[in-house]
Amino acid sequence: MDAQRESTEEAPTLDQARRQIRHYGLDSDPQAVLVAVRLMAAGARLGQASEVHFSRFGLSTGRYRLLADLEDSEGEKSPSLLAASLGVSRATVSGLVDSLEKEGLVLRRPSTEDGRGAVVVLTARGAQKLRDLAPDHFRRLQGMVADLSVEERTVFLDLLSRITRGIGALTAE
């Protein structure tokens, strides 16, 4: 790869990955490392863009995900199930619920199944918030992947699923 092409390519480059691997005396696949590093960088950029996007609606990504999860769960769910489905701690869910409750978007009520527990309920105001943001939100989501064909999106979804299954390699003991 010539230097001019490499300078316009997304960083890091394959040559940079090769140099780092050689520098540390490792026997790693430079392309595999490059894919993982670029995916992590894209994830960070996407996370930042998501926060900007949802702030337009007075939400954070976490607050939106919790509201959407409640809507998908017929309007109510226990905090522990919310934590599991969102992939966050109960403490995080508690903080999200506290802030959404202050705005009247959700409420807590005792569980009808377990009198000791509570459920989080999507209020009419919360459901309206989701309806109000849906047109712009889904238009922007579609715009984000507009350069991909239907076939490419299908392949991407498969690849993303396989990569997601491999995330444990980062956290394994």
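**Close-up views of a predicted model**

View 1. Where pLDDT is low, the predicted coordinates should not be read in detail. Over the protein chain, pLDDT averages 93, and 95% of the residues score at least 70.

**View 2. The largest nonpolar core.** This core holds 22 residues. Leu 59, Tyr 64, Leu 66, Leu 67, Leu 70, Leu 100 and Val 106 have the most contacts inside it. At least two core residues come from each of helix 4 (61–72), helix 5 (79–86), helix 6 (90–102), strand 3 (118–122) and helix 7 (124–144). Helix 4 gives the most, with five residues.

**View 3. The surroundings of Val 106.** Residues up to four places away in sequence are not counted here. Val 106 touches Leu 66, Leu 67 and Leu 70, as well as Val 97, Leu 100 and Glu 101.

**View 4. The aromatic pair Phe 54 and Tyr 64.** The model has one aromatic pair. Its ring centres lie 4.5 Å apart and the planes meet at 20°, so Phe 54 and Tyr 64 are stacked. The pair links distant parts of the chain, with Phe 54 in helix 3 (residues 30–55) and Tyr 64 in helix 4, ten residues apart. Both Phe 54 and Tyr 64 are buried.

**View 5. Ser 111 in a loop.** Ser 111 sits in the loop between strand 2 (106–110) and strand 3. Ser 111 counts as buried because its relative accessibility is 14%, under the 20% cut-off. Beyond its neighbours within four places in sequence, Ser 111 contacts Gly 117, Ala 118 and Val 119.

How values were computed:
Residues are numbered from 1 along each chain as its sequence is written. This is a predicted model: local features need pLDDT of at least 70, side-chain atom pairs count only at pLDDT 80 or more; totals for chains, interfaces and linings use all residues. Side-chain values use heavy atoms; hydrogens and water are left out. A nonpolar core is a set of buried Ala, Val, Leu, Ile, Met, Phe, Trp, Tyr and Cys residues joined through side-chain atoms within 4.5 Å. Buried means under 20% relative accessible area, exposed over 50%, partly exposed in between (1.4 Å probe, protein chains only). Helices (H or I, at least four residues) and strands (E, at least two) are DSSP runs, numbered from the N terminus. Contact means heavy atoms within 4.5 Å. pLDDT is the predictor's confidence in each residue, from 0 to 100. Rings of Phe, Tyr and Trp (its six-membered ring) pair if their centres lie within 6.5 Å; planes under 30 degrees apart count as stacked, over 60 as edge-to-face and the rest as tilted.
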